[in-house]
Structures are given as structure tokens and as C-alpha cells.
Amino acid sequence: MTGKLSRRDRIKMGIRKRLSGSAERPRLSVFRSNKGIYAQIIDDVTGKTLVSASSASKDFQANGSKGEQSVAVGKLIAEKAKAAGIEQVVFDRNGYLYHGRVKQLAEGAREGGLNF
């Protein structure tokens, strides 16, 4: 390892300097891989994950393209957040462009009732 950061890591560090989740507005963090997409709602003050959902979890029941699965994960995270009493979040795209599957997850979460 050379000590150089990837482009996504540099963007991620710039975003995280300005963005933080609190108890009133926790952070909705997104991670995507080639196979799946994952979302967590995190309280940065305590450092705890409050709610999580992914396309690889056992309670996930959607089939179709990766884009359709992203929308379903967004709706699932919104449903779990509502059950935990979370309405407002701060969206953390985690260094990814707000495009494609990341955008579809965000739109699914908004459809599910999360505000950001």
C-alpha cells in the first residue's frame, strides 16, 4: 500500500468534514458494491448504527435489476427508520456520485417517508 487514497476516499473525507449525524438527524450512509447495496442510519455522537438494510439481508424480498433492488432497499430502510421513530436524516453518499443506484436508493427512502 502506497499511502495514496482513492478518488472516492478523498471525496468521502471532504463530505464527512462537513456532514455529521446527531440524535435528532442521524446520518443515512450508503455503500454499494458490484453485487449489492447497503444503507445504515448512524448516530455519530454515540457512534452507533440505529437501523440498517441491505440487498443481501435475510428480510429483503425484492428481485429484479440492481436499480430496482436499490429502490426496494431505500423503502426498507425508511420503513425500519419509521419503526425506530426516525423521520429526518442527513444523506451521506459516501463518496459516490449522486447518480444511478445511489440516487435510486435515496428516492426509495423518500418514497418510504424519510425527509432529507
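Which residue forms a salt bridge with Lys82? Select Glu87: its closest N and O atoms to Lys82 are 3.5 Å apart. A salt bridge here is a side-chain nitrogen of Lys or Arg within 4 Å of a carboxyl oxygen of Asp or Glu. Glu87 is partly exposed at 41% relative accessible area, and Lys82 is partly exposed at 36%. For these classes, buried means under 20% relative accessible area, exposed means over 50%, and partly exposed lies in between (1.4 Å probe, protein chains only).

Before moving on, note that this is a predicted model, in which local features need pLDDT of at least 70, side-chain atom pairs count only at pLDDT 80 or more, and totals for chains, interfaces and linings use all residues. Residues are numbered from 1 along each chain as its sequence is written, and side-chain values use heavy atoms, with hydrogens and water left out.

**Stop 1: the other salt bridges**

The structure holds six salt bridges. Select Arg16 and Asp44, whose side chains form one of them at 3.6 Å, N to O. Arg16 sits in helix H1 (residues 7-18) and Asp44 in the loop between strand S2 (37-43) and strand S3 (48-54), so the pair ties together parts that are 28 residues apart in sequence. Helices (H or I, at least four residues) and strands (E, at least two) are DSSP runs, numbered from the N terminus. Arg16 has a relative accessible area of 30%, which is partly exposed; Asp44, at 23%, is also partly exposed.

Next select Asp59 and Lys80, which meet in a salt bridge at 3.1 Å, N to O. Asp59 belongs to the loop between S3 and helix H2 (66-83), while Lys80 is in helix H2, so this pair ties together parts that are 21 residues apart in sequence. Asp59 is partly exposed with a relative accessible area of 41%, and Lys80 is partly exposed with 26%.

**Stop 2**

Is Val45 buried or exposed? At 66% relative accessibility, Val45 counts as exposed. Leaving aside residues up to four places away in sequence, Val45 touches Gly21 and Ser22; contact means heavy atoms within 4.5 Å. For a distance check, draw a line from Val45 to Val71: these are 26 residues apart in sequence and 28 Å apart in space, C-alpha to C-alpha.

**Stop 3**

Select Ser65, in the loop between S3 and H2. Ser65 is partly exposed at 39% relative accessibility. Ser65 and Leu114 are 49 residues apart in sequence, with 23 Å between them in space, C-alpha to C-alpha.

Move on to Gln69 in helix H2. Gln69 is buried, with a relative accessible area of 17%. Show its neighbours: not counting residues up to four places away in sequence, Gln69 touches Ser55, Phe60, Ala62, Asn63 and Gly64.

Ala72 is also in helix H2. With residues up to four places away in sequence again left out, Ala72 touches Phe60 and Ala62.

**Stop 3: H2 against H3**

Two packed helices are described by the angle between their axes and the distance between the axes. Display H2 and H3 together: their axes come within 7 Å and cross at roughly 40°. Axes are lines fitted to C-alpha atoms, for helices over the stretch in contact, and angles run from 0 to 180 degrees between N-to-C directions. H2 is therefore oblique to H3, given that angles under 35 degrees count as roughly parallel, over 145 as roughly antiparallel, 65 to 115 as roughly perpendicular and the rest as oblique.

To see the contact, select residues of H2 including Ser70, Val71, Ile77 and Lys82, and residues of H3 including Arg101, Leu105, Gly108 and Glu111.

**Stop 4: Asn94**

End at Asn94, in the loop between strand S4 (90-92) and helix H3 (101-112). What is the phi of Asn94? Asn94 has a positive phi of about 65° although it is not a glycine. Most residues other than glycine have a negative phi. Asn94 counts as buried, at 8% relative accessibility.
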